[in-house]
Amino acid sequence: MSKYDYLVVGSGLYGAVFAHEAAAAGKKVLVIDRRPNIAGNVYTEDVEKIHVHKYGAHIFHTNDGRVWGYVQKFATFNRFTNSPVANFHGELYSLPFNMYTFNKMWGVVTPEEAAEKIESQRREAGITESKNLEEQAISLVGTDIYEKLIKGYTEKQWGRPCTELPAFIIKRLPVRLTFDNNYFNALYQGIPVGGYTKMVAAMLGGAAVQSGEDFGKNAATVAANAHPCEAYGKDASNSGCGSIEVHVGVDFFDESGAPRKDLIALVDKVVYTGAIDAYFGYKLGYLEYRSVRFENELLDKPNFQGNAAVNYTDRETPWTRIIEHKWFEFGKDDEGNDIPKTVISREYSSEWKPGDEPYYPVNDEKNGKLYEEYKKLADAETGVIFGGRLGEYKYYDMDKVIASALDMCERELK
């Protein structure tokens, strides 16, 4: 008889949502994570009372009322509005592209003038149907803005010429003939007060977060020793609290790269949120991902750049953007006091290679075909659910990850 109903591999949003719902349905759930912390890529680490987004900036935004209502159960969200700035060799422009951007770029004052300028540049470029990202971008905002504010940033981000990237990547870029500086056109937006780690801990029902140092030696014995822990999710509410056990620093794969038989023997079913090609030992070849390296600095000053995010859009600057984390929560600590120091993170994009963290699936035609072959293998794995950005090889926003997990819970848990 299995000790657990489910093994959830990965404690990010997909895994945490599934674990919560399964526990609420009376199931016993074991959650493991290879990293030394919970929350996956949304993990926030406290540095000088600043909630630092350790694996890149995450701003929650959604138009999905069901998802917004769901996350409200686990966190209070502040009113943060994402209004990044573009820096091109010291020239600063508003993002999203709006009337402030168009005025600075061209001197236009009215929406009609801006629209005429964009249309004239599209016609001059001879674009009738956008076949790639470059043509799509010029169609949306004209040649000048593309050359200064899109081309360099995008090619750094994806490591490919814009002419080789699919048009759909840029379609999510907001363009407005208004003076609205809100990057996300979403009904709901904000940052969890206290950070994302606290929110995910609440999803996990206040379960103990145990180190996995000894887990590989005797998984069944160590897993039986989990106990309530105030350090994570002290104020969490979960009708299934007590039926989730969490172990970090535990690798799902053995030394040969295969799923660990001792872990699988403990459970009835696996919920896997890692890279789908890794699960199958890359036997059909490697799916492509973009990885990110973060260079963090703690500065003894209250303000470095005056904004949470500044994108460096020229090709020469090696980093893609600088994040100043304190501005996600208006420069205040949890007690509402001004924070005298600041933490910045420079982000460097790179091609993924084995051993790196995979962040962004490269959803082009070649990788799409390879993923479909892996999906056929996944569909044949009757005891495994594949989910999340890596498990489904999709460029998901956070709300879409949660929606996907909830949909799976409805089908699986009924």
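Modeller: Buried means under 20% relative accessible area, exposed means over 50%, and partly exposed lies in between, with a 1.4 Å probe and protein chains only. What you see is a predicted model, where local features need pLDDT of at least 70, side-chain atom pairs count only at pLDDT 80 or more, and totals for chains, interfaces and linings use all residues. Residues are numbered from 1 along each chain as its sequence is written, and side-chain values use heavy atoms, with hydrogens and water left out.

Biologist: Why is Lys49 called exposed?

Modeller: Its relative accessible area is 55%, and exposed means over 50%, so Lys49 is exposed. Lys49 lies in the loop between β3 and β4 (50-53). The strands named here are DSSP runs of E with at least two residues, the helices are runs of H or I with at least four, and both are numbered from the N terminus.

Biologist: What makes the backbone of Lys49 worth a note?

Modeller: Lys49 is not a glycine, yet its phi is positive, about 70°. Most residues other than glycine have a negative phi, and most peptide bonds are trans. Ala39 is another non-glycine residue with a positive phi, about 90°. Ala39 is in the loop between β2 and β3 (44-47).

Biologist: Why does Ala39 count as buried?

Modeller: The relative accessibility of Ala39 is 1%. The limit for buried is under 20%, so Ala39 counts as buried.

Biologist: What kind of peptide bond joins Leu95 and Pro96?

Modeller: A cis bond, with omega about 5°. Pro96 sits in the loop between β7 and α3 (99-106).

Biologist: Why is strand β2 said to be largely enclosed by the rest of the structure?

Modeller: Strand β2 (residues 29-33) has five of its five residues buried, so the rest of the structure largely encloses it. Val29, Val31 and Asp33 point one way, Leu30 and Ile32 the other, and all are buried. In a regular strand the side chains alternate between the two faces of the sheet.

Biologist: How do you know that β2 pairs with strands β1 and β10?

Modeller: Two strands pair if DSSP finds at least two bridges between them. Strand β1 (residues 4-9) has four bridges to β2, and the two run parallel. One partner pair is Val8 with Val31 of β2. The chain goes from β1 through α1 to β2, a β-α-β crossover that is right-handed: with the strands pointing away from the viewer, the path from the first strand over the helix to the second runs clockwise. Strand β10 (residues 244-248) has five bridges to β2, also in the parallel sense. There, Leu30 has Glu245 as its bridge partner.

Biologist: Which sheet do these strands belong to?

Modeller: An open sheet of six strands with parallel pairing, in the order β9-β10-β2-β1-β11-β17.

Biologist: Why is one side of β9 and of β17 left without a neighbour in that sheet?

Modeller: β9 (209-211) and β17 (384-386) are at the edges, and each has a single partner strand, so one side of each has no neighbour in the sheet. For β17, strand β11 (residues 267-272) is joined to it in the parallel sense by three bridges. Tyr272 stands opposite Phe386 in β17.

Biologist: What makes up the contact between helices α1 and α13?

Modeller: Contact means heavy atoms within 4.5 Å. The axes of α1 (residues 13-24) and α13 (residues 398-413) come within 9 Å and cross at roughly 35°. Such axes are lines fitted to C-alpha atoms, for helices over the stretch in contact, with angles from 0 to 180 degrees between N-to-C directions. Among the residues in contact are Tyr14 and Phe18 of α1 and Ile402 and Ser404 of α13.

Biologist: Why does Ser404 count as buried?

Modeller: Ser404 has 14% relative accessibility. With buried set at under 20%, Ser404 therefore counts as buried. Leaving out residues up to four places away in sequence, Ser404 touches Tyr14, Glu392 and Tyr396.
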